[in-house]
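Subject: A structure to look through

Dear colleague,

I am passing on a structure that I would like you to look through with the notes below beside you. Please read them slowly, and keep the picture open as you go.

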Amino acid sequence: MSTASSISAPPAFSACWACGVTLGESPLVCASCGKVQPAAAPGKAADYFQVFGLARKFSLNGDAIGALEREFHRLSRRLHPDRFVRATPEEQQWSLANTALLNDAYRTLRDPIRRTEYLLQLEGLKVGEENSGRNKSADRQPPADLLEEVFELNMQLEEMRMNQKIGENDPALVSDLTGVSLQFESMLADLDRELAEEGSNWDEGDAPTREKAAKEMAGQLDRRRYLRNLVRDVNEVLSTGEEARKDA
């Protein structure tokens, strides 16, 4: 019995091409005969939750994460290309393609933010960097409640960059930017908690509750992406300044 099946009942897939047994544990490899299954065409492959026999949920507790890891390692061993060196060329290609799908699925489901983005995409919402605008600049528009803080921050960043160009050091400015970075890191932590709460609402709610929670999470992800970029910009400037001081 698959480890992942202890988390939720896996969906039924088509029968194994080799032995005819229904693929009840994973669409990637047959649990009965061990044969790797044909790689699905783009857009028709199993979703990442189906790969591990998981129900679509935002929240995965410690037991579920542990089961996910065990199932990942089990399937990785079953799909390893070395097991198919004497197999047909088609099976060797399927092994590589399904291993790539397995790795992508594991990396996505293991990370709470990537898992949230992926599940919202499955639900039909456009989220993530690739959907942040035609010119990828929508995530650079500050939330309304941060306009004043972001304006002040941009002024400080420009001043810091100018100081670095002319070799000047302003400890007070460094201290201010460090404080801003810590403030935004705290806001990111708060957002992660809010995302987890809305994820639980979605997992446990009815259709209207799920729709509301999904929209809330999409907005929270946009805000989180913007704050993350701010923290990155501040830390890059501070890191450059620290390196310059070490070289002086």
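Helices (H or I, at least four residues) and strands (E, at least two) are taken as DSSP runs and numbered from the N terminus. With that in mind, note that just after helix α5 the residue G167 takes a positive phi of about 80°.

Before going further, please bear in mind that this is a predicted model, in which local features need pLDDT of at least 70 and side-chain atom pairs count only at pLDDT 80 or more, while totals for chains, interfaces and linings use all residues. Residues are numbered from 1 along each chain as its sequence is written, and side-chain values use heavy atoms, with hydrogens and water left out.

The chain has 7 helices and 0 strands, and from the N terminus on its elements run α-α-α-α-α-α-α. Of its 248 residues, 39% are buried, where buried means under 20% relative accessible area, exposed means over 50%, and partly exposed lies in between (1.4 Å probe, protein chains only).

Helix α5 itself covers residues 147-166, and its 20 residues reach 29 Å from the first C-alpha to the last, close to the 28 Å expected at 1.5 Å a residue (the expected span is 1.5 Å times one less than the number of residues). Which residues of α5 are buried? They are V150, L153, Q156, L157, M160 and N163, and, seen down the axis of α5, they fall within an arc of 140°, so they line one face of the helix; the arc is that of the directions from the helix axis to the C-beta atoms. An α-helix has 3.6 residues a turn, so residues three or four places apart point the same way. On the other side of α5, E148, F151, K165 and I166 are exposed.

Turning to the interior, a nonpolar core is a set of buried Ala, Val, Leu, Ile, Met, Phe, Trp, Tyr and Cys residues joined through side-chain atoms within 4.5 Å. The largest one has 36 residues, and those with the most contacts inside it are V51, F52, L102 and L120. Helices α1, α2, α3, α4, α6 and α7 each supply at least two residues of this core. Apart from it lies another core, of 20 residues, among them L157, L177, V231 and V234. Leaving aside neighbours within four places in sequence, L102 is in contact with L28, V51, F52, F72, L75, S76 and L79.

Finally, please look at the cysteines in the segment before α1, where C16 has its place. C16 is buried, with a relative accessible area of 4%, and its C-alpha atom is separated by 6.2 Å from that of C30, 14 residues apart along the chain. A disulfide is a pair of cysteine sulfur atoms within 2.5 Å, and a search of the whole structure finds 0 of them. C19 is in no disulfide either, since the nearest cysteine sulfur, that of C30, is 3.6 Å away; C19 is partly exposed, with a relative accessible area of 34%.

With best wishes

Conventions. Contact = heavy atoms within 4.5 Å.
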